[in-house]
Amino acid sequence: MDALRLRFQNRERDDLVLTPGVHAIGHASDGRPCLVDHPDDALVQFCIDRRGAWLQLRDSAPGLHVNGRPVRRMAMLRAGDSVHIDGIELTLLGADPRPMPHSVPDVRAIDSRAVLRGVGGLHHGRCYSLDQSREIGRLVECDIRIDEPTFAERHARLEPHQDGVVLRDLGSADGTVVNGHSVRDALLRPGDQVAFGAQHRFVLESPLSGAPAAAPVLPMDEEIEFRSPSEPAPSPINSSMRRLPWLLLAALLLAGALTLLLLYGVR
């Protein structure tokens, strides 16, 4: 996974770089969040590896929110998420958005199965197909309507393209946020998070050819011990090996039951 960064909302401090591994976040002398070396000083730890990114909250730590939702123990993360720690807002930044292509779309090469799925705000849980251009704005005729007084009548347009989905600004005041970066125009790819305004969040999903396969996700019932950032992240193979004897035992019992049924069943 590409390096992620935690950025303070008002840029009062340098970004916290989250390279692959474990990163413990605690308090600096002024009470602001900062990277700490000792796990006992951590409020929350971020774990980054090829499977993705997630965070874990200490039992003794105060409440933490991701995109306005409280986190009790663990949460998976994606680039563009807003993380609140002790009232301090940080944004998880991914790679810079790709520039908008200037080539004319090849209709024959466009994958019509792309969808925009709401993950925050009034459109949470809803999906919008992107087999054709879709406009986002306050007007009733917009395909994705955000009825807020401060929202632009026509904020942006999403256009299918053989290389992904083109985001084109239509004259909004603040633009759009893609993976934590404020942009006007960009080329979106599967997995990109798009935020219109402060809370209307969407993720682009599509089985586009050539797109990287989704990395396996750590189940949320697997606890990660708080440890020093120098220690490697736990291997998913080890946890799978721990469950292997139970799977073998279940398979043997099932095979034995089938054998007895064949030998002594009703004839």
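**The whole chain**

Begin with everything shown, and keep in mind that the model is predicted. The secondary structure of the protein comes to 1 helix and 22 strands, and of its 267 residues, 42% are buried. If you draw the contacts between residues at least 6 apart in sequence, 45% of them join residues that are at least 24 apart.

Next, colour the model by pLDDT, which averages 80 over the protein, with 82% of the residues scoring at least 70. Two stretches call for particular care while you look around. Over residues 209-224 the pLDDT stays under 50, and the model has 30 contacts beyond four places in sequence for this stretch. Over residues 235-241 the pLDDT also stays under 50, and here the model has 3 contacts beyond four places in sequence.

**The six-stranded sheet**

Now select β2, β1, β11, β10, β7 and β8, which in that order make up an open sheet of 6 strands with antiparallel pairing. At its edges are β2 (16-18) and β8 (69-71), each of which pairs on one side only. Looking across the sheet, you can follow how neighbouring strands are turned against each other, by 30° on average when direction is ignored.

Within this sheet, zoom in on residues 82-85 and 88-93, which are strands β10 and β11, paired in the antiparallel sense over 4 bridges. Here Ile-85 stands opposite Ile-88 of β11.

**A hairpin**

Move to residues 21-27 and 33-36, where strands β3 and β4 pair in the antiparallel sense, again over 4 bridges. Ala-24 has Val-36 in β4 as its bridge partner. The two strands form a hairpin with 5 residues between them, and in the turn you will find Gly-31, which has a positive phi of about 90°.

**The nonpolar cores**

Show side chains and select Leu-6, Val-44, Phe-46, Leu-55, Leu-64 and Ile-85, the residues with the most contacts inside the largest nonpolar core, which has 24 residues. At least two residues of this core come from each of β1 (4-8), β2, β5 (44-49), β6 (52-57), β7 (64-66), β9 (74-77), β10 and β11. Centre the view on Leu-6 to see how one member is surrounded: leaving aside neighbours within four places in sequence, Leu-6 is in contact with Asp-15, Leu-16, Leu-18, Ile-25, Phe-46, Leu-90, Thr-91 and Leu-92. Apart from this core lies another, of 20 residues, including Ile-136, Phe-151, Ala-156 and Leu-158.

Is Glu-159 buried or exposed? Its relative accessibility is 15%, and because buried means under 20%, Glu-159 counts as buried. The side chain of Glu-159 makes a polar contact of 2.9 Å with the side chain of Arg-157. Not counting residues up to four places away in sequence, Glu-159 also touches Ser-133, Val-165, Val-166 and Arg-168.

Select Glu-205 next, in strand β22 (residues 200-205). With a relative accessible area of 28%, Glu-205 is partly exposed. Beyond four places in sequence, Glu-205 is in contact with Arg-113, Ala-114, Val-115 and Arg-117, and the side chains of Glu-205 and Arg-117 are joined by a polar contact of 2.5 Å. If you draw a line from the C-alpha atom of Glu-205 to that of Gln-193, 12 residues apart along the chain, the separation is 9.7 Å.

Finish at Asn-179, in the loop between β18 (176-178) and β19 (181-183). Asn-179 is buried, with a relative accessible area of 9%. Which residues surround Asn-179, once those up to four places away in sequence are not counted? Asn-179 touches Ala-79, Gly-80, Leu-92, Leu-93, Gly-94, Ala-95, Gly-191, Asp-192 and Gln-193. With one of these, Asp-192, Asn-179 is joined side chain to side chain by a polar contact of 3.0 Å.

How values were computed: Residues numbered from 1 in each chain as written. Heavy atoms only, no water. Pairing = 2+ DSSP bridges. Axes fitted to C-alpha atoms, helices over the stretch in contact; angles between N-to-C directions. pLDDT = per-residue confidence, 0-100. Contact = heavy atoms within 4.5 Å. Core = buried A, V, L, I, M, F, W, Y, C linked by side-chain atoms within 4.5 Å. Buried < 20%, exposed > 50% of the residue type's maximum accessible area, 1.4 Å probe, protein only. Polar contact = N/O pair within 3.5 Å; in protein donor to acceptor, adjacent residues only side chain to side chain.
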